[in-house]
Amino acid sequence: MTAKEMWKKFVSKINIDNREYEAWSFGSEADLLAKLVETGEKTATASAYQLYELENEPLPIVGEYNIILNSKNEAICIIQTKKVYVTAFKDVTVEHAYKEGEGDKSLQFWRQVHEKFFAECLEQVGLKFSADMKVVCEEFEVVYRK
């Protein structure tokens, strides 16, 4: 199912105005992370604040809808953003790491995986990772499944 097809079904089911949405896949392990979202294991994500600044892109907004895609650009589910905050990488909490639903859900695992991921992303645009760097933390819930 395409993102457009899923959005059309969702909008008709809950009878809302045809709001805007974004459709995207997770940067690493798109299929695994989409599955974790679909099953409710993953209810949060984090991204490098510097990339929002660099691309002059607005931060996620509470209440907005996103369609999660797999690696084949197939729509898996629709999420709604429930909470957004910015914190230093070193200050990301155990609770947030658990909500990300990856690995053993520990803060240690989260830091290890995200330090590597952020370092690679930032290096591509000439920036360096730092434990003091700002991270955009987003919490969401699944509001529609295929």
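Predicted model: local features only at pLDDT ≥ 70, side-chain atom pairs only at ≥ 80, totals over all residues.
## A walk from the sheet to the salt bridges

Strand β4, residues 75-88, and strand β5, residues 134-145, run antiparallel to each other and are joined over eleven bridges. In general, the strands of a sheet pair through backbone hydrogen bonds, in either a parallel or an antiparallel way.

Now step back to the whole sheet. Five strands make up an open sheet, in the order β1-β3-β4-β5-β2, with mixed pairing. At the edges you will find β1 (21-24) and β2 (44-48), each of which pairs on one side only. From one strand to the next, the twist averages 35°. Helix α2 (residues 30-38) lies across β3 (65-69), β4 and β5, and runs at about 90° to β4.

Next, look at the charged side chains, where the structure holds nine salt bridges. One of them joins Glu41 and Lys105, at 2.5 Å from N to O. Glu41 sits in the loop between α2 and β2, and Lys105 in the loop between α4 (94-100) and α5 (107-124), so this pair ties together parts 64 residues apart in sequence. Is Lys105 buried or exposed? Its relative accessibility is 17%, so Lys105 counts as buried, while Glu41 is partly exposed at 37%.

Lys42 and Glu102 form another salt bridge, with their closest N and O atoms 2.9 Å apart. This pair also links distant parts of the chain, 60 residues apart. Lys42 is buried, with a relative accessible area of 1%, and Glu102 is buried too, at 14%. Finally, Lys42, Glu100 and Glu102 are linked in a network of salt bridges.

Methods:
Residues numbered from 1 in each chain as written. Heavy atoms only, no water. Pairing = 2+ DSSP bridges. Helix = DSSP H or I, 4+ residues; strand = E, 2+ residues; numbered from the N terminus. Axes fitted to C-alpha atoms, helices over the stretch in contact; angles between N-to-C directions. Contact = heavy atoms within 4.5 Å. Salt bridge = Lys/Arg side-chain N within 4 Å of Asp/Glu carboxyl O. Buried < 20%, exposed > 50% of the residue type's maximum accessible area, 1.4 Å probe, protein only.
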